[in-house]
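Please read it with the coordinates open.

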Amino acid sequence: YLFALSLQSEAGFKQAGEYLGCSLLIPVYFILLWGFIHHLFAGIRYLLIDIEVGVERDTAIKSSYLVLVAALLSAFVIALGVWL
């Protein structure tokens with residue numbers, strides 16, 4: 001809907017920008033950002049597992065927690081830089 005609205009006219013583009021600039025959407029943006037970063041870090045983790053790095057059970061558990069924490073911290077730092 002917003003994409004179609006933004007392509008209709010200059011006024012529609014401004015209206016779509018106003019909708020996206022709503023402060024109620026900031027948590028949604030943060031969750032999307034965290035999901036992207038988590039997916040990136042988890043993908044790197046699985047690439048390492050594919051080349052036999054971190055395959056042992058204890059190492060795999062630690063690396064999974066590391067991915068969770070690193071993604072959350074990275075998303076938080078990026079969010080602070082963008083929204084503050």
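1. The structure holds 1 aromatic pair, where rings of Phe, Tyr and Trp (its six-membered ring) pair if their centres lie within 6.5 Å, and planes under 30 degrees apart count as stacked, over 60 as edge-to-face and the rest as tilted. The ring centres of tyrosine 29 and tryptophan 83 are 6.3 Å apart and the planes lie at 15°, so this pair is stacked. Because tyrosine 29 belongs to helix α3 and tryptophan 83 to helix α4, the pair ties together parts that are 54 residues apart in sequence.

2. This is a predicted model, in which local features need pLDDT of at least 70 and side-chain atom pairs count only at pLDDT 80 or more, while totals for chains, interfaces and linings use all residues. Residues are numbered from 1 along each chain as its sequence is written, and side-chain values use heavy atoms, with hydrogens and water left out.

3. On accessibility (buried means under 20% relative accessible area, exposed over 50%, partly exposed in between, with a 1.4 Å probe and protein chains only), tyrosine 29 counts as partly exposed at 26%, and tryptophan 83 likewise counts as partly exposed at 34%.

4. In α4, Ala60, Ser63, Val67, Ala71, Ala75 and Ala79 are buried, and the buried residues of this helix pack against α3 (26-50).

5. Serine 6, placed in helix α1 (residues 2-8), is buried with a relative accessible area of 17%. Leaving aside residues up to four places away in sequence, serine 6 touches Gly12, Phe13 and Ala16, contact meaning heavy atoms within 4.5 Å. Helices (H or I, at least four residues) are DSSP runs, numbered from the N terminus.

Terms used: Helices (H or I, at least four residues) and strands (E, at least two) are DSSP runs, numbered from the N terminus.
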